[in-house]
Amino acid sequence: MSSSVPRLVVAAPSSGSGKTTVATGLMAAFTARGLAVSPHKVGPDYIDPGYHALATGRVGRNLDAYLCGPELVGPLFAHGARGCDLAVVEGVMGLYDGAAGEGELASTAHVAKLLRAPVVLVVDASAQSRSVAALVHGFASWDPEVRVGGVILNKVGSDRHEELLREALDAAGVPVFGVLRRAPQVAVPSRHLGLVPVAERRSAAVEAVALMAAQVSDGCDLEGLLGLARGAGVLPGAAWDAAEALVSSPPPPLSVPSPGAAAPSAPPSSGAAAPGPPLRPEAPRPPRPDGPEGVRVAVAGGAAFTFSYAEHAELLAAAGAEVVVFDPLRDERLPDGTRGLVIGGGFPEVYGGELAANELLRKDVAALAEQGAPVAAECAGLLYLGRELDGLPMCGVLDVRARMTERLTLGYRDAVAVSDSVLAAAGTRMRGHEFHRTVVEPGAGAAPAWGVRAPRPRVEGFVQRGVHASYLHTHWASEPGVARRFVERCRTS
């Protein structure tokens, strides 16, 4: 099997050049023309895919060669782009910026090569003219395997400025697919962790996406860009499938290990790196879950909990769960019949007052955890399960206190499960990502969730009865067995 979906990667020399505006505008503009557009984002970003989804009407998906391994980038892309007329992939940071100390790994250039996709370079031309040719030439020639198919010039000041830029790039033999003038009204507001998510400003976000689409439609050669995308050719390999991934992953242990058991493998300070996921052969689909709906797993959503990967819900469903989304800001009870709870990342610090005021739900979450039901919490979920956040009462499942700080904790992590939990057996290795400006005290429980080796060897997170809570964001497609293990625990708890 293979994928022949036309595709483009939108990259830039550095952050702040206008990638999100151009990528989102292209998605919306092509969608308005009647094309089915598949939106993708390089790296672990949760916020940009929300704008992509608004632009296309399809789920925004991430392509992360660090979290999932290079082997899964193509299959996950093909899964998301199945049946589409075009795929637009927004890059991360600068074109060649990847995981620290890992060379090209997880960079936009790396993903473009894995996808065999042409790159359109978005250049902030506001403070240059002829020098733009040298800049673009350098990026286009740095890695011969990266095909820079052309540029879109952003923040161009005038007709004369555009003329100088075009002359320079024409002499360098680089096609110009668009020229965008300065348009501050298209700017999307940001705060401490990046853009403000769509869920918090939906009407304003709809208007912003419409402005991006209009700007891109007016300033870009859409036909030329579509022709470039169609030249991407065939991407070999089968599309990722949640059910097949579950069959290919190792089964969970038959018995439930005692909570908090120490990991039998090397400690995090040993320097052993978490390996990338193995290649998974095609396999038959697993049997359908018992009953018409399977066990019910509640997944936190709404404005306070917007950080999640679409593949997590797909894996839970394939493992036999009925996934039900609830909003901790509005719903006073967990969904009826909840057997397990997943609370991902987001901005609980922004909504601390509302979360604290919803006392009925906080008590419901605490009662579910007290019963030993499986609860998986990442970052914002960890804060919500704690005793308090910035002095406001939270669920009290974990005896921790959290507070906002000025310090940003950011980066990829190699991790090993230190304690047996509802997600992983001790010794399981995964890769994750941290992204927060909060601290929890203490930082780890008597049975920690993970050991990480960088930026310093440490243990973090909490395993307590059925609860697995940690700052670490992980991508379950890299280790599908965690979804099956979680659902199995939901059945037996």
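In which helix is the place of valine 247? Valine 247 sits in helix H9, which covers residues 242–248. Here helices are DSSP runs of H or I with at least four residues, strands are DSSP runs of E with at least two, and both are numbered from the N terminus. Because its relative accessibility is 34%, valine 247 counts as partly exposed; that term covers the range between buried, under 20% relative accessible area, and exposed, over 50%, with a 1.4 Å probe and protein chains only. In space, valine 247 is 8.8 Å from glycine 481, C-alpha to C-alpha, although 234 residues separate the two in sequence.

Before we go further, a word on what you are looking at. This is a predicted model, in which local features need pLDDT of at least 70 and side-chain atom pairs count only at pLDDT 80 or more, while totals for chains, interfaces and linings use all residues. Residues are numbered from 1 along each chain as its sequence is written, and side-chain values use heavy atoms, with hydrogens and water left out.

Now for the whole chain. It has 14 helices and 24 strands. Of its 493 residues, 57% count as buried. Take the contacts (heavy atoms within 4.5 Å) in the chain with a separation of 6 or more: 78% of them are accounted for by residues 24 or more positions apart. The chain exposes about 19300 Å², and carbon and sulfur atoms supply 52% of that area, as computed by the Shrake-Rupley method with a 1.4 Å probe.

Let us turn to pairs of helices. Two packed helices are described by the angle between their axes and the distance between the axes. The axes are lines fitted to C-alpha atoms, for helices over the stretch in contact, and the angles run from 0 to 180 degrees between N-to-C directions.

Start with H1 (residues 19–32) and H8 (residues 222–230), which pack at an angle of about 100° with their axes 12 Å apart. H1 and H8 are therefore roughly perpendicular to each other; that label is for angles of 65 to 115 degrees, while under 35 counts as roughly parallel, over 145 as roughly antiparallel and the rest as oblique. Leu26, Ala29 and Phe30 of H1 make the contact with Leu222, Leu225 and Leu226 of H8. By class, this contact has six nonpolar residues, no polar and no charged ones. Nonpolar means Ala, Val, Leu, Ile, Met, Phe, Trp, Tyr, Cys and Pro, charged means Asp, Glu, Lys and Arg, and the others, Gly among them, count as polar.

Next come H5 (residues 131–142) and H6 (residues 159–172), with an angle of about 40° and axes 8 Å apart. H5 and H6 are therefore oblique to each other. Val132, Ala133 and Val136 of H5 meet Leu165, Ala168, Leu169 and Ala172 of H6. The contact of H5 with H6 has seven nonpolar, no polar and no charged residues.

H3 (residues 70–81) and H4 (residues 108–115) cross at roughly 60°, and their axes come within 9 Å. This crossing, too, is right-handed. From H3, Pro70, Val73, Gly74 and Phe77 meet His110, Val111, Leu114 and Leu115 from H4. Here the classes are six nonpolar, two polar and no charged residues.

Helix H2 (residues 48–56) is largely enclosed by the rest of the structure, because seven of its nine residues are buried. Those are Asp48, Pro49, Tyr51, His52, Leu54, Ala55 and Thr56. Glycine 57 follows H2 with a positive phi near 75°. In helix H10 (residues 310–318), the buried residues are Ala310, Glu311, His312, Leu315 and Leu316, and glycine 320, with a positive phi near 110°, follows H10.

Finally, look at the backbone. Most residues other than glycine have a negative phi, and most peptide bonds are trans. Arginine 116, in the loop between H4 and strand S6 (119–124), has a positive phi of about 55° although it is not a glycine. Aspartate 390, in the loop between strands S16 (388–389) and S17 (392–393), has a positive phi near 50°. The peptide bond from glutamate 441 to proline 442 is cis, with omega near 0°, and proline 442 is in the loop between strands S19 (429–441) and S20 (450–452).

Notes. Left-handed = near helix turned anticlockwise from the far one by under 90°.
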